[in-house]
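Please find below my note on the structure under review. The points are numbered so that each may be taken up separately.

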Amino acid sequence: MLINHKDVKSVISKSNLPIAGFTVNPYVGCAHACKYCYADFMKRFTGHKEQWGSFVDVKHWPQIKNPQKYSGKTIIVGSVTDGYHQCEREFERTREFLKELKGVDVNLIITTKSSLILRDLDLIKKFPDPIVSISINTLDEEFKSDMDNASPISERLETLKRFHDEGIKTVCFISPIFPGITDVFEIIGEVIGYVDYIWLENLNLRGGYKKVILDYISEKYPDLEMLYEDIYKFKNMDYWRELDAKVEKFALENDYMYVIDEEPFLINPSDKPIIINYFYHEKIRQSSKNSK
Ligand code: SF4
């Protein structure tokens, strides 16, 4: 791993994300090296030529001035890196950010694939109503290891449980959903009882990693090759439309709230998780209408 240290003016950036006004990415690059990582576009902005996952810039910023100005704002940690990838163990930059914002009334969302987040449980608990989101798109450790260097699925499940037991809101982020591989209902069955939200996001293939994933499917899942061609070469939305309909039916039958593109702090009136669909819903609905 190539590690550089970099001085930056601030670790907090304004965001265009629909779910948060600000993002915090304490690193450039990510040692989790997910094969499907959409954040590899960061290489273009930062002058990196190395393979995504093989370098990390550790950010150093001047102490956050007047942290109270973020009061009432939503901050998401980990939009183009994972704040708890392997380097965080040594450099503690995410921890430093949390310490600097401690006591401020921000809506904090942390998304990660690492059980290292448990190290900061006490700090995270100091925020008024934080949300911890753990990404799980398979229960198959072999497929997980083919895709990323992050924590094993068993540790991610344990992490969700721990945070839930500590009274912190938890999200199982089923992302990215791999057609024919990710079993959304199996994952929901596993996490039920210790998550407040289930977020769904489909696999989106663009840029350099499209070929990597399609080659992987041809090699490891040849039976799915045609399905992937259909979705990713011919842009057929049927798979997503059908999955959407299945989740909607499942939610109806099991009395879960199922919503589309909603903001993540939606109040949950029941003891069952809310399922929030963040995949191309408008397009799916539109294409659904058009195909009728
Ligand atoms: S954990 Fe997130 S940011 Fe890191 S490589 Fe994976 S997808 Fe990219």
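The points below go from the model as a whole to its sheets, its ligand shell and some individual residues.

1. Confidence. The model is a predicted one, and its average pLDDT is 91. A score of at least 70 is reached by 95% of the residues. The stretch to set apart is residues 281–292, where pLDDT stays under 50. For this stretch the model has 10 contacts beyond four places in sequence. Where pLDDT is low, the predicted coordinates should not be read in detail.

2. Overall form. The protein contains 11 helices and 12 strands. Its radius of gyration is 19 Å, close to the 19 Å given by the globule rule for 292 residues, so the protein is as compact as a globular protein of that length. Along the principal axes, the C-alpha atoms fill a box of roughly 55 × 45 × 35 Å. Of the 292 residues, 37% are buried. Among contacts between residues at least 6 apart in sequence, 73% join residues at least 24 apart.

3. The three-stranded sheet. Strands β1, β5 and β4 form an open sheet in the order β1-β5-β4, with mixed pairing. Its edge strands are β1 (2–7) and β4 (27–28), each of which pairs on one side only. Between β4 and β5 (residues 55–60) there are two bridges, and the two strands run antiparallel. Within this pairing, Tyr 27 stands opposite Val 58 of β5.

4. Which way do the side chains of β6 point, and are they buried or exposed? In β6 (residues 74–77), Thr 74 and Ile 76 point one way, while Ile 75 and Val 77 point the other way; all are buried. In a regular strand the side chains alternate between the two faces of the sheet. Strand β3 (residues 22–24) is joined to β6 by three bridges, in parallel, and Thr 23 stands opposite Ile 76. Strand β7 (residues 107–112) also pairs with β6 in the parallel sense, over four bridges. Here Leu 108 of β7 is the bridge partner of Ile 75.

5. Strands β9 and β10. These strands pair in the parallel sense over five bridges, β9 covering residues 169–177. The bridge partner of Phe 173 is Trp 199 in β10. Strand β10 (residues 197–202) is mostly covered, with five of its six residues buried.

6. The ligand shell. The residues around the ligand are Cys 30, His 32, Ala 33, Cys 34, Cys 37, Ala 39, Thr 81, Asp 82, Lys 113, Asp 148 and Ala 150. By class, this shell comprises six nonpolar, two polar and three charged residues.

7. Ser 115. This residue is found in the loop between β7 and α4 (121–124). Is Ser 115 buried or exposed? Ser 115 has 20 other C-beta atoms within 10 Å and is therefore buried. Leaving aside neighbours within four places in sequence, Ser 115 is in contact with Ser 151, Glu 155, Arg 156, Glu 158 and Thr 159. The C-alpha atoms of Ser 115 and Glu 155 are 6.1 Å apart, although these residues are 40 apart in sequence.

8. Lys 161. Helix α6 (residues 153–165) contains Lys 161. Lys 161 has 15 C-beta neighbours inside 10 Å and so counts as partly exposed.

9. Positive phi values. Asn 66, in the loop between β5 and β6, has phi near 50°. With 7 C-beta neighbours inside 10 Å, Asn 66 counts as exposed. Glu 92, in the loop between α2 (88–91) and α3 (93–101), has phi near 55°. Glu 92 has 16 C-beta neighbours inside 10 Å and therefore counts as partly exposed.

How values were computed. Residues are numbered from 1 along each chain as its sequence is written. This is a predicted model: local features need pLDDT of at least 70, side-chain atom pairs count only at pLDDT 80 or more; totals for chains, interfaces and linings use all residues. A residue is near a molecule or strand if its C-beta atom, placed from the backbone, lies within 6 Å of it. Ala, Val, Leu, Ile, Met, Phe, Trp, Tyr, Cys and Pro count as nonpolar, Asp, Glu, Lys and Arg as charged, and the others, Gly among them, as polar. pLDDT is the predictor's confidence in each residue, from 0 to 100. Two residues are in contact if their C-beta atoms, placed from the backbone, lie within 7 Å. The radius of gyration is taken over C-alpha atoms; the globule rule is 2.2 Å times the number of residues to the power 0.38. A residue is buried if 20 or more other C-beta atoms lie within 10 Å of its own, exposed if 12 or fewer, and partly exposed in between; C-beta atoms are placed from the backbone. Two strands pair if DSSP finds at least two bridges between them.
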